[in-house]
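Please look through the structure shown here before reading on. The report below starts from a single residue and then widens its view step by step.

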Amino acid sequence: MPPVNVQAIVLRRRALGEADKVLTLFTREMGKLSAIAKGARKPTSKLAGATETCVRARFHLAQGKTFWIVTQASVERARAKLHRLLVNATAAIYACELVDCLLEENVPDEELFDLLSDTLDELEISEHPMWTLCLLENAIMLQQGYTPVLETCARCAKTVDGEQIAFQPGSGGVLCASCARAENHVVMLPRLAWLTWRVLNAGGHVDFPEEPAAGELERAVHLHLRYHLDREMRSTQVLWQLRHELSGGEVC
Ligand SMILES: [Zn+2]
């Protein structure tokens with residue numbers, strides 16, 4: 001295959017040998033692929049900046065025996081601001097990890113590419129990084145077809161209402177009071193969180209809802225997506241610990 005010139009977000013990088021990096025790239029044109037950046041761990045390397053996690057860059061790649069080989073790279077978005085904010089940076093790493101787990105090798109997905117790119121841009125400035133992440137998780141949830149039932153009870157289809165609404169990922173959505181009583185593991189959503197979620201899933205725009213609604217909705221969306229993906233990301237624990245500390249221990 002001839003060399004290619006692609007736009008990509010670095011989802012992951014790991015050290016190889018003395019000074020090389022193996023990159024997991026999400027390219028706009030070719031989907032996910034692995035590439036070696038030779039010498040990129042040397043501070044003087046021209047590839048050093050473009051081969052960090054969360055960076056968006058343009059890469060020239062040549063086909064090697066097993067991996068692609070990075071021959072040139074120019075940074076489009078370094079996202080330097082991310083590194084000043086620990087929780088934003090952790091949220092960005094989580095976002096990359098999540099998208100990495102969803103992608104098959106060599107299958108382009110421009111919609112997901114733009115979604116991740118926009119989320120990483122937003123995380124550089126977001127005052128509510130977990131909310132920004134929640135919007136990404138919810139959009140992914142809808143894109144993958146894991147839409148929860150929020151209007152009526154997911155078990156018996158009765159009308160649901162109240163100040164606190166029971167939600168259970170395993171049941172596929174919210175539960176009426178009598179169905180919720182029969183279950184052990186339900187998440188209680190404040191009414192505002194429930195209404196906000198419905199607006200979001202109907203394609204509406206919502207601003208950051210007040211606490212504790214925001215935190216409870218973030219948690220419900222995360223648990224719902226985790227239930228469907230059947231795995232947890234490595235960065236989840238540290239992310240929720242930070243969220244817990246920043247919110248003064250209100251949520252988690
Ligand atoms: Zn019910």
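## A buried loop residue

Thr 51 counts as buried, because 25 C-beta neighbours lie inside 10 Å of it and a residue is called buried when 20 or more other C-beta atoms lie within that distance. The model in which Thr 51 is seen is a predicted one, and the place of this residue is in the loop between β3 and β4.

Leaving aside residues up to four places away in sequence, Thr 51 touches Val 10, Arg 13, Lys 21, Leu 23, Ala 37, Ala 40 and Ala 73. Gly 31 lies 20 residues away from Thr 51 along the chain, and the C-alpha atoms of these two residues are separated by 17 Å.

## The whole protein

The protein holds seven helices and eight strands, and its C-alpha atoms fill a box of roughly 60 × 40 × 30 Å when this is taken along the principal axes. Of the 252 residues in the protein, 39% are buried. Among the contacts with a separation of 6 or more, 55% are made by residues 24 or more positions apart.

The protein is divided into two parts, with domain 1 covering residues 4–80 and domain 2 made up of residues 127–147 together with residues 185–246. The centres of domain 1 and domain 2, taken over C-alpha atoms, are separated by 31 Å.

## The five-stranded barrel

Five strands form a closed barrel in the order β1-β2-β3-β5-β4, and their pairing is mixed. On average, and with direction ignored, neighbouring strands of this sheet are turned by 50° against each other. Helix α1, residues 86–102, packs on the sheet and touches both β1 and β2, where β2 spans residues 20–27, and the direction of α1 makes about 105° with that of β1.

How do the pairs of strands differ in sense and in their number of bridges? Strand β2 and strand β3 run antiparallel and are joined by seven bridges, and the two form a hairpin with three residues between them. Within this pair, Phe 26 has Lys 32 in β3 as its bridge partner. Strand β3, residues 31–37, and strand β5, residues 68–77, run parallel instead and are joined by two bridges, with Trp 68 in β5 as the bridge partner of Ala 35.

Strand β4 takes part in two of the pairings described here. With β5 it runs antiparallel, and eight bridges join the two strands; the bridge partner of Ala 57 is Val 75 in β5, and a hairpin of four residues leads from β4 to β5. Strand β1, residues 4–16, also pairs in the antiparallel sense with β4, residues 56–63, over six bridges, and here Gln 7 stands opposite Arg 58 in β4.

## Helix α6 and its packing

Helix α6 runs over residues 213–229, so that its 17 residues reach 24 Å from the first C-alpha to the last, which is close to the 24 Å expected at 1.5 Å a residue. Its buried residues are Ala 214, Gly 215, Glu 216, Leu 217, Glu 218, Arg 219, Ala 220, Val 221, His 222, His 224 and Leu 225. These buried residues of α6 pack against α3 (129–143), β6 (164–168), β8 (187–190) and α5 (191–201). Just after α6, Asp 230 takes a positive phi of about 60°.

On the side of α3 the contact is made by Met 130, Trp 131, Cys 134, Glu 137, Asn 138, Ile 140 and Met 141, while on the side of α6 it is made by Ala 214, Leu 217, Glu 218, Val 221, His 222, His 224 and Leu 225.

Key: Residues are numbered from 1 along each chain as its sequence is written. This is a predicted model: local features need pLDDT of at least 70, side-chain atom pairs count only at pLDDT 80 or more; totals for chains, interfaces and linings use all residues. Two strands pair if DSSP finds at least two bridges between them. Axes are lines fitted to C-alpha atoms, for helices over the stretch in contact, and angles run from 0 to 180 degrees between N-to-C directions. Two residues are in contact if their C-beta atoms, placed from the backbone, lie within 7 Å. The expected span of a helix is 1.5 Å times one less than its number of residues. A residue is buried if 20 or more other C-beta atoms lie within 10 Å of its own, exposed if 12 or fewer, and partly exposed in between; C-beta atoms are placed from the backbone. Domain bounds come from an automatic or database domain assignment.
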